[in-house]
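Me: I would like to work through a model and learn how to read its features. Could we take the sheet, the core and the chain contact in turn?

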Amino acid sequence: MAKKAASPEDFARPVRRLLVGLLVVLLLAIFLFWRIDSPRAERIRAEIIDRVLPGFDWVFLPVTKSVEMLRGFQSYTALYEQNNELRQELQKMRAWKEAALQLEQQNARLLDLNQVRLDPKLTHVTGVVLADSGSPFRQSVLLNVGARDGLRDGWAAMDGIGLVGRISGVGARTARVILLTDASSRVPVVVQPSGQRALLTGDNSIAPPLDFLEKPDLIRPGDRVVTSGDGGMLPAGLLVGSVAQGPDRRLRVILAADYERLEFLRVLRSHGLETIADPGRLVAPAPPSASFVGPMPAPRPVVTEGGAAEASDG
Amino acid sequence: MVDPALREIWQHRAIYVAVAAGLILLRLLPVNTTPGRLPGPDLLLCLTLAWVQRRPDYLPAGLVAAVILAEDLFMLRPPGLWAALTVLGAEFLRSRAALTRELSFLMEWLLIAAVMVVLFLAGRLAHAVMFLPQIGFGYATAQVLASILAYPLVVGLSRVALGVHKPGMGEVDARGRRF
């Protein structure tokens with residue numbers, strides 16, 4: 001190639017600089033857009049993740065399984081002892097199960113006598129954990145159920161035993177669960193025997209601390225912590241964990257859910273608690289569609305079974 | 001007939017995208033959902049800086065921006081901020097590639113470490129200016145230190161496995177210019 005007096009290289013450098021500058025400005029504009037209109041940007045992000053990640057299902061499953069298998073091999077030697085222990089525990093559990101069943105029947109009878117209605121709408125959708133947040137600074141998981149399955153923001157996610165987190169961000173096929181351990185997670189709870197209300201504040205540690213306790217003296221390590229239902233976000237009475245005192249003498253909660261292996265999560269459908277916003281509605285209710293007219297349906301103790309069983313576990 | 005030098009460049013761009021996608025997917029695997037463990041190195045940053053330092057022609061700024069923006073999106077970071085910073089850092093290294101080519105590896109390592117620390121501080125500053133919640137300083141510093149420590153490893157691996165080496169004396173780029 002013959003070189004001219006003014007070679008293209010002389011122009012290439014400033015043009016390049018300009019283009020790179022434009023690129024950086026574009027990226028910063030994206031950042032600013034996110035900062036200004038965060039909900040919309042997060043929706044776009046959820047949409048993108050929703051499009052991309054389920055396509056990589058075939059990667060996630062085998063790799064995750066093989067990692068778990070490797071871990072399983074490490075603990076292979078301990079399996080025999082564990083097995084024996086489990087057998088003994090199973091024996092004890094049988095006795096407990098018997099007791100629980102009797103209590104449950106008794107409970108159902110009493111509820112029936114009292115005509116108590118224990119949130120019959122509390123049904124659940126079960127999802128499989130597809131991916132986690134990927135960052136050591138954020139604690140969330142992605143479920144393979146989404147708006148398609150009727151999920152909405154704010155619903156509670158539990159594993160078999162305790163509360164795990166809250167839905168935050170719903171795509172068509174996926175939904176993100178912010179775990180209780182995430183630094184932005186705040187859940188109103190009540191500590192059981194004393195009835196003290198507090199806020200469970202995630203701080204990126206395995207045992208999140210209790211904040212805004214009125215009388216910490218009334219609380220002893222080992223007390224049960226359940227959701228209080230304040231603020232209308234989560235249903236009341238979901239088991240969260242038990243109180244423990246950390247080395248810094250702060251009251252923390254040992255979570256009941258098994259955070260070591262979050263595999264299947266149950267998302268509770270809670271159809272927003274009714275809030276009275278303006279007084280006019282009280283005077284003249286405007287029924288949008290009269291779905292049912294007539295007496296209240298009979299209480300359904302079947303639905304409360306799960307809740308009762310969980311309560312007797314802890 | 002494709003020019004072998006050009007083909008090599010495009011091969012390496014494809015490799016970069018594939019490795020980045022692999023790293024992101026690997027971190028998304030739901031194998032550890034317990035919090036509180038020490039954060040590992042930011043391998044994608046190491047890879048990007050190492051490649052830009054060694055072979056600036058493999059990684060155009062647009063590719064770096066696209067890959068890191070995708071990482072931003074998937075890692076739930078504020079989108080665009082870290083991508084912009086990384087592009088700036090990469091361009092800083094690229095504009096000095098001719099000067100720093102002769103440096104010993106130790107000096108290169110120091111240079112990269114300085115760039116990483118500056119990027120980290122700039123990111124924190126941007127968070128503070130925008131009133132965004134910050135990650136705990138100790139945690140974040142641990143990640144930067146881990147990245148700095150991981151850098152030689154990434155350089156070695158990309159040299160041995162991916163064939164990314166500094167251009168030799170007489171080598172020319174795709175357009176026939178000398179480095």
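Predicted model: local features only at pLDDT ≥ 70, side-chain atom pairs only at ≥ 80, totals over all residues.

Me: In what order do the strands of the open sheet in chain A run?

Reply: Strands of a sheet pair through backbone hydrogen bonds, either parallel or antiparallel. Here six strands of chain A form an open sheet with antiparallel pairing, in the order β8-β7-β6-β9-β10-β11. The edges are β8 (210-211) and β11 (251-255) of chain A; each has a single partner strand, so one side of each has no neighbour in the sheet.

Me: How many bridges join β7 and β8 of chain A?

Reply: Two bridges, in the antiparallel sense, join β8(A) to β7 (residues 196-201) of chain A. A:Leu200 has A:Leu210 in β8(A) as its bridge partner.

Me: Which residues have the most contacts inside the largest nonpolar core?

Reply: They are A:Val164, A:Val177, A:Val240 and B:Val87, in a core of 96 residues. Domain 1 (20-74) and domain 2 (98-272 + 303-313) of chain A both contribute residues to this core, so it lies between them. Leaving aside residues up to four places away in sequence, A:Val240 touches several residues, including A:Leu200, A:Val225, A:Val253 and A:Leu255.

Me: How many residues does each chain give to the contact between chains A and B?

Reply: The size of an interface is often given as the accessible area lost when the parts come together. Counted by residues, this contact takes 38 from chain A and 34 from chain B. On the chain B side, the elements giving two or more residues are α1 (4-28), α3 (61-74) and α4 (81-95) of chain B. By class, that side has 25 nonpolar, six polar and three charged residues.

How values were computed. Residues numbered from 1 in each chain as written. Chains lettered and ligands numbered in written order. Pairing = 2+ DSSP bridges. Helix = DSSP H or I, 4+ residues; strand = E, 2+ residues; numbered from the N terminus. Core = buried A, V, L, I, M, F, W, Y, C linked by C-beta atoms within 7 Å. Buried ≥ 20, exposed ≤ 12 C-beta atoms within 10 Å, placed from the backbone. Domains from an automatic or database assignment. Contact = placed C-beta atoms within 7 Å. Nonpolar A, V, L, I, M, F, W, Y, C, P; charged D, E, K, R; others polar.
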